[in-house]
Amino acid sequence: MASLEMTHYTEQDIVVVTPHGDINSATAPQFGAYLTDAITGTETAQVVLDMSKVYYMSSAGLRDIISGLKTAQRLGGDLHIAGVRGRLKPVFEMVGLDSLSNFYENIDEAVSSF
């Protein structure tokens, strides 16, 4: 059974969400719900998604990120993505997510971009 651990903290009124583990069809519902709650639970709807601890992600995870991005923008905020590594980077590029959202090498760059 796949497991996914989700954590978050606030830095300069921006919520930083960090998934730890793989995001697949079994864990995507948990990931999507957590991300949506983080976005809607902040006054600014400004969220950084730290992907540095994710090594595999299925299309279900991509769908949840796109949904989170749309939710944040609808609420007047944005979703910035940090720390995409290794095999995930071409996946984000292939589906065009890199043109929809802002990508950063690390959390500090993503937070300071708001």
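Colleague: Hi! Where is Gln12 found?

Modeller: In this predicted model, Gln12 is in the loop between β1 (4-11) and β2 (14-21).

Colleague: And what is its phi, for Gln12?

Modeller: Phi of Gln12 is near 55°, which is a positive value in a residue other than glycine.

Colleague: Okay, is Gln12 buried or exposed?

Modeller: Gln12 is exposed, with a relative accessible area of 60%.

Colleague: What about Asp13, where is its place?

Modeller: Asp13 also has its place in the loop between β1 and β2. Its phi is near 65°, again a positive value in a residue that isn't glycine. Asp13 is exposed too, at a relative accessible area of 57%.

Colleague: Which residues does Thr42 touch, if I skip those up to four places away in sequence?

Modeller: Thr42 touches Asp13 and Val15. You'll find Thr42 in the loop between α1 and β3 (46-50).

Colleague: Is Thr42 buried or exposed, then?

Modeller: Thr42 has a relative accessible area of 18%, and the cut-off for buried is under 20%, so Thr42 counts as buried.

Colleague: Which residues of α2 are buried?

Modeller: The buried ones in α2 are Ala60, Gly61, Leu62, Asp64, Ile65, Gly68, Leu69, Thr71 and Ala72.

Colleague: At what angle do α1 and α2 pack?

Modeller: Helix α1 (residues 28-40) packs with α2 at an angle of about 15°, and their axes are 9 Å apart. Angles under 35 degrees count as roughly parallel, so that is what we call α1 relative to α2.

Colleague: Which residues make the contact?

Modeller: On the α1 side, the contact is made by Ala28, Phe31, Gly32, Leu35, Ile39 and Thr40. On the α2 side, the residues are Ala60, Gly61, Asp64, Ile65, Gly68, Thr71 and Ala72.

Colleague: Is the crossing of α1 and α2 left-handed or right-handed?

Modeller: α1 passes α2 in a right-handed crossing.

Colleague: Let's switch to charges. How many salt bridges does a search of the whole structure find?

Modeller: The search finds 1 salt bridge. Glu105 forms a salt bridge with Arg85, and the closest N and O atoms are 3.7 Å apart.

Colleague: What does that pair tie together?

Modeller: Glu105 lies in the loop between β5 (102-104) and α5 (107-112), while Arg85 lies in the loop between β4 (78-82) and α3 (88-94), so the pair ties together parts that are 20 residues apart in sequence.

Colleague: How does Glu105 count by relative accessibility? And Arg85, with its relative accessible area?

Modeller: Glu105 counts as partly exposed, at 44% relative accessibility. Arg85 is partly exposed as well, with a relative accessible area of 39%.

Colleague: Last one: where is the place of Gly86?

Modeller: Gly86 is in the loop between β4 and α3. Gly86 is exposed, with a relative accessible area of 60%.

Colleague: How are the C-alpha atoms of Gly86 and Tyr56 separated?

Modeller: Their C-alpha atoms are separated by 9.6 Å, although Gly86 and Tyr56 are 30 residues apart along the chain.

Colleague: Great, thanks!

Definitions and conventions. Residues are numbered from 1 along each chain as its sequence is written. This is a predicted model: local features need pLDDT of at least 70, side-chain atom pairs count only at pLDDT 80 or more; totals for chains, interfaces and linings use all residues. Side-chain values use heavy atoms; hydrogens and water are left out. Buried means under 20% relative accessible area, exposed over 50%, partly exposed in between (1.4 Å probe, protein chains only). Helices (H or I, at least four residues) and strands (E, at least two) are DSSP runs, numbered from the N terminus. A salt bridge is a side-chain nitrogen of Lys or Arg within 4 Å of a carboxyl oxygen of Asp or Glu. Axes are lines fitted to C-alpha atoms, for helices over the stretch in contact, and angles run from 0 to 180 degrees between N-to-C directions. Angles under 35 degrees count as roughly parallel, over 145 as roughly antiparallel, 65 to 115 as roughly perpendicular and the rest as oblique. A crossing is left-handed if the near helix is turned anticlockwise from the far one by less than a right angle, and right-handed if clockwise. Contact means heavy atoms within 4.5 Å.
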